[in-house]
Amino acid sequence: HVDEQMKEKPFVLQLAVWGLRGVTRVILANNPLSGALILAALYWASPWQGLLGTLGILASTLTAVIMGQDSAEVSGGLHGFNGMLVSLLMGVFSSAGDWYWWLLLPVCLCSATCVFLYSGLTSLLVHWDLPVAVFPFNTVIILYLLCTGPNNPYFPHHPAVPPGVLQPNGTNVIAVEVLYGIPLGVGQIFACDAMGPSLLILGAVVLYSPLLAAHALLGSAVGTLAGLSMAVSHASLYSGLSGFNGALGCMAVGGFFTFSWTTHLFSIASAFLSAYADIALGNLLGTVGLPACSWAATLTATLMLLLTGSLAAYSMPIEKVKAP
Amino acid sequence: HVDEQMKEKPFVLQLAVWGLRGVTRVILANNPLSGALILAALYWASPWQGLLGTLGILASTLTAVIMGQDSAEVSGGLHGFNGMLVSLLMGVFSSAGDWYWWLLLPVCLCSATCVFLYSGLTSLLVHWDLPVAVFPFNTVIILYLLCTGPNNPYFPHHPAVPPGVLQPNGTNVIAVEVLYGIPLGVGQIFACDAMGPSLLILGAVVLYSPLLAAHALLGSAVGTLAGLSMAVSHASLYSGLSGFNGALGCMAVGGFFTFSWTTHLFSIASAFLSAYADIALGNLLGTVGLPACSWAATLTATLMLLLTGSLAAYSMPIEKVKAP
Amino acid sequence: HVDEQMKEKPFVLQLAVWGLRGVTRVILANNPLSGALILAALYWASPWQGLLGTLGILASTLTAVIMGQDSAEVSGGLHGFNGMLVSLLMGVFSSAGDWYWWLLLPVCLCSATCVFLYSGLTSLLVHWDLPVAVFPFNTVIILYLLCTGPNNPYFPHHPAVPPGVLQPNGTNVIAVEVLYGIPLGVGQIFACDAMGPSLLILGAVVLYSPLLAAHALLGSAVGTLAGLSMAVSHASLYSGLSGFNGALGCMAVGGFFTFSWTTHLFSIASAFLSAYADIALGNLLGTVGLPACSWAATLTATLMLLLTGSLAAYSMPIEKVKAP
């Protein structure tokens, strides 16, 4: 076990492993090697985004250490991934361009805020044995975007476009671009919309568990299908934004429950629910220029963990959903 | 007891009884005969709406059976009523006209989704011994309307008009039409705005419990009064839309608590709270073209069940609120 | 102890003490003398506002007595402060001018509604040992403003202006006015924007606990700083509206936890979180003309009480946070 070997290493090395472990928490994995691959993919796609992600994960992990959070949680990377996602999204939505150094200040503050929310929500959700997942990320990014607003003089950002916006007449969906959107949906989990890095991220998931990677692709395909059935904007389909909530919803059932045919059917249902809920929330939040982030998948996954009946029979205790 | 006699009957007959039992769950009753009367009223008002309601109740009950939900819950009709209400509202808001057969696809999917939400929310609310009530219906219909949007090419719908919209100058309220709105408020619980069927629905409530019917009419009157005091649009008053949240709020206290003068006063307070909250939520959701459905009554009834003090002394355990 | 001496006094005198105790609950204190000073400040600022506040506190306390709420809660003033805050805000937002006597009717009804919410939320939050705080006030005032709307013929009100609204070009912040805003932020806790009464309210806090008063000023300063960093409208800064959520957030940590350097740092963090969350929520709710009230501070304080780790070590049990 890696953790045993790490105990004697210097703090900086330990912090790096905690951070890399945290990177993979987003995809429900827990593997420093996959984390390194994903981080490499982010730097490949955009060095500025890679820097923001790294800073976010370090800021939130260090805040957790300073705030005296449970050390097993910290070393498991549970306090890093929300900060990383917030930082990545802040970079994507910023309209001040890359290498706008002032952005590092709110990035650090928002990442630190995620630790407060993670800790508080843990106490709240422990009654139902539910994981906090990416609720802190979703809350903090919405609050940040609301706080600054599109025309803020210091931290301006692009308003989000709701997926249900109407197409100009006479445009047809291009099938190949839609198919391209499916692997991009896996990359969009980390706010990455380039094909190469997305495939590298998919490779990192395969490295951790090929079954999880299959669920990710399947979920992204389901999400794209849901998007087509609701005639969402072509940009959503081509960029993978339609697929990533489906991918997350599908992976959540695949990751939190032992594999069986029942689980498999539920994971497809979860992907559809996540994808349709994402379109709905995207249309709602889009009216005030906000993105739906991964609210849909997070809420759907939480719902799946609460289900009674035949799915509950395959559930694993949350502590066991941890890998080497 | 009917359930005993049903055990040997074929599955289709059992399913019919479960469904009819489910129909009456909306009005906090549990009686297949009342259910048959209500369903007849729906077919009378509009055969297409009756068909949608029947399909919704069957789709959600069958989903619950497939998903392995608790069989006592299924046979009590607890998994049917949310699906039925979603289907009825989808029909009412659809702007594609009656007998638009493609609508049956989302009707089945949305009804099935209600079972997921019902099961998940049960696990969530069991900590406070609270019923799930119509939370799944309210959530799913809002998500469906958000998902499709008014201009969707496949499933267009009418945007909802908020109750607080201003009247053109010089129009006065017609007292007789307002009085007509009171029994219509009972029919609006099942999205029915014709007088005959509404009276039949009221008759079905009387059949189950005359006291509950009195509460329904009283609550609808209170809701109409609240609407008048806030100068809501005349259309809301005349169609019974102002009254049905009041009716539900009043029936909830009448149905979940043993009768006494204290309970009676609380049921009137609950009707007022539901009605005013409905106007408030209707104005809020109306800004994005969404209806407030029965959010107000459901939240108010939940609040009433949580109250401590003199009302709590009359509460009945949830399991006992079940009739033959 | 004052309570012992009060037992034999007539009911009206007891009610007065309960009410005055309730006034100070807003600032997490519990002292009839401070309450009298605050009420005097309100009458000084505006006799009409003072009358509304008094009526609100009496209406909600009497409703609690009638509804048979726990007598220790009633005599501790826990059922009065939400009603008072709702009444004060209704007066501030009403556009019908002072001495519009019809307003007293909704003031009484809304204050009474606060008791329902307080009692229900207590049952809900007791699982986490969380206080209900001002959640009922925040909910009821939003529902009231939604219900009436800006153009209501009976109860019109001013729509709220979001803090993030853009400045006209060429206006600079006036430093002295911003500094004036800091003590005004303490007064804004009671919807008071005059300097003299605000200083009297601050004096009432000093009388209860100088440490709490220091936290209030510090929090208001932090809130103003947060407002400056987000370039909020000058009116928010000058009137103290930017500061009062920071002040509440800072006082909450100062009041619910024993004093230490750790607690002190957390109280500053809480002030920043409250202030930024207030700007975010103000911008969100401002899109439909609603104010953010003290949602931000209330949610932040609740989050702080849920935190695990080094802050939790200094927490006091809620029952002990009561003073003579």
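**View 1. The area buried between chain A and chain C in this predicted model****.** Chain A and chain C bury about 2000 Å² between them, 72% of it on carbon and sulfur atoms. Buried area is the accessible area (1.4 Å probe) that two parts lose on being put together, summed over both. On the chain A side, A:F116, A:L146 and A:C147 lose the most area to chain C. Together they account for 29% of what that side buries. The interface joins 23 residues of chain A to 23 residues of chain C, all in contact (heavy atoms within 4.5 Å).

**View 2. Bonds and elements where chain A touches chain C****.** Nine residue pairs across this interface are in polar contact, both at pLDDT 80 or more. A polar contact is a pair of N or O atoms within 3.5 Å; within protein, one must be able to donate a hydrogen and the other to accept it, and residues adjacent in sequence count only if both atoms are side-chain atoms. Salt bridges number zero here (a side-chain nitrogen of Lys or Arg within 4 Å of a carboxyl oxygen of Asp or Glu). Helix 7 (104-125) and helix 8 (135-148) of chain A each supply at least two residues to the side that touches chain C. Helix 7 gives the most, with seven residues. Helices are DSSP runs (H or I, at least four residues), numbered from the N terminus. By class, this side of chain A has 13 nonpolar, ten polar and no charged residues. Ala, Val, Leu, Ile, Met, Phe, Trp, Tyr, Cys and Pro count as nonpolar, Asp, Glu, Lys and Arg as charged, and the others, Gly among them, as polar.

**View 3. Chain B against chain C****.** Here 23 residues of chain B are in contact with 23 residues of chain C. The buried area is about 2000 Å², and carbon and sulfur atoms give 72% of it. The rule finds zero salt bridges. Eight residue pairs are in polar contact, both at pLDDT 80 or more. Helix 11 (210-229), helix 14 (261-286) and helix 15 (295-306) of chain B each give two or more residues to the side that touches chain C. Helix 14 gives the most, with eight residues. That side of chain B has 16 nonpolar, seven polar and no charged residues.

**Notes.** Residues are numbered from 1 along each chain as its sequence is written, and chains are lettered from A in the order in which they are written. In this predicted model, local features need pLDDT of at least 70, side-chain atom pairs count only at pLDDT 80 or more, totals for chains, interfaces and linings use all residues, and side-chain values use heavy atoms, with hydrogens and water left out.
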